[in-house]
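Let's take a friendly walk through a protein model, one stop at a time. Have the picture and the sequence ready as you read.

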Amino acid sequence: MRTTLRLSRGLMAASIMVILPTCTSVKADTPYWLKSNATTQTVSQPTIADTTEDIEPELPLDGETPVSEPVPAPAVQYDNDSIEAILLRLEELERSVAGADAPLPPDGAPGACGEAVDDCCDCSKCAGYDRGFYIRTIDGNFKLKINGMIQTRYFANWRELDPGDGDEFEGGFVLARAPVIFSGNIISPKLTYWMILQSGRVDGHTFMEECRINYEFDNGLFVQVGRFRDPSFMRELDISYARQMGVDRSYSYAIFSTGVQEGICFSKQNDDFRVLSFITDGRHSGSVARSKDFFQDNSDFAISSGIDVKLVGDWTQYGDFASWSDEPLAAFIGADIHYEGPETGDDDPANNLNEFFAWTVDATVERCGFMAFGSVVQRHALADTQDFTQTGVEFMTAYQIIPDTIEPFFIYQYIDFDGWTNVGSGATPVADSSVNILSAGLNWYFKRHACKLTFEASHALDPIPVAVPYTGFLQDVSNNSGQTVFRTQLQLLF
């Protein structure tokens, strides 16, 4: 059809030019199809069949001489303005047909979206919103997805202090997190990437919180390399901070977690279990507070390995601590280990102490709004001058009294420091070795994790030896105890 219209347009122009010498001028300030019937004559526009006969005339038989047919007198006389209007109209028709007949790009070819296209193009194939704003090629080989999140909080802390030790009440607002998250794939859906640009809660400076390149092989082996949180030690760390039960991860997590690290991770998953192994520069080697060049690590070698088993349910239920009304029974168990060797032979002898072994086990069950989670973690210092073992226990439960909307929760934590705040070069003695913390709160979901409001109150029955500001707990002094924290958070995830 497109070719026919182009030829028709050419023949129309040629025919009109031939008859121009015999035409007399008529007034045509307005194209004929916009005039009223009272002032114009009826004009029959050429059809496709008519123009096709003119383009492919019947050929004469051999030996015959074609006879020129007289040109019929035009049914209507045209002036220059009318001719130009007809040509413009033909151009519009040609563009319309070209858009309707445009073929889709062949498989493997970049998509045409992004160019000037007609309304008939389904641009949702190339750009739109699907749990994040995205742009991509039609073949799916290239994709960029952008997400954002805002977590704004209010803290109130009450603790007993002796005169001269400071203020017994501290309160204020904090913009806890406001990351921009980039993800997608390059060249192939198997080659993906993940980046988090974060702003510091204290100084507001932007930094690269996580950045990794991922590749999934045909046999199911998944490889991640870069800087990212350890997926193979402690389930609380494996779950995003946007999908926690309380305002943030627990105090116990802050003491025992291996945190964001730099290294390479190998994992494989099937319907029933997954195994992971993460080779890194040591715990918190990717933290914003650390110097991260290859010669500035605090460990020569570190490795985490874990196994998670799905007893019943679906792996999609593993991604958060909430249990939604449409989710069936699910149960998971996990076991992880972590070994870290010291940084030997450098200028800081204290780094020789950074050797320890840790293990953890956890179990989760959830069904139709109810969930329960429990974990035990332990680490043992291996340095010659450090012979102690620290233990942490956590239990969490919740139930959505209004499905997918109101969710009260309760958390209990116990930590035995065994006389030291940490293992390795950061260890300092503590007077009271154990801490018990009770927390109760409520999640108010407006759109699940995309928009939720959380209230949480926590009370420590023992002195807090290490301050963890994102939990609201500050260090107790003079061996005082009974610290209480209230915190609330409004979260948007988009």
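Keep in mind that this model is predicted. To find Arg448, look in the loop between β17 (434–445) and β18 (451–460).

Which residues does Arg448 touch, leaving aside those up to four places away in sequence? They are Trp324, Asp326 and Asp404. With Asp326 there is a polar contact from side chain to side chain, at 3.4 Å. Leu493 is 45 residues from Arg448 in sequence, and their C-alpha atoms are 9.7 Å apart in space.

Next, let's turn to some strands. Strand β10 (residues 273–280) pairs with strand β11 (residues 302–312) in the antiparallel sense, over 8 bridges. β11 also runs antiparallel to strand β12 (residues 330–340), joined to it by 10 bridges.

Our last stop is the inside. In soluble globular proteins, nonpolar side chains tend to be buried together. Here, the largest nonpolar core has 24 residues, and Tyr251, Phe417, Ile437, Ile464 and Phe473 have the most contacts inside it. Two or more residues each come from α5 (251–256), β13 (356–367), β14 (370–381) and β17, with α5 giving the largest share, 4 residues. Apart from this core lies another, of 9 residues, including Ile239, Phe373, Phe409 and Ile411.

Terms used
Residues numbered from 1 in each chain as written. Predicted model: local features only at pLDDT ≥ 70, side-chain atom pairs only at ≥ 80, totals over all residues. Heavy atoms only, no water. Pairing = 2+ DSSP bridges. Contact = heavy atoms within 4.5 Å. Polar contact = N/O pair within 3.5 Å; in protein donor to acceptor, adjacent residues only side chain to side chain. Core = buried A, V, L, I, M, F, W, Y, C linked by side-chain atoms within 4.5 Å. Buried < 20%, exposed > 50% of the residue type's maximum accessible area, 1.4 Å probe, protein only.
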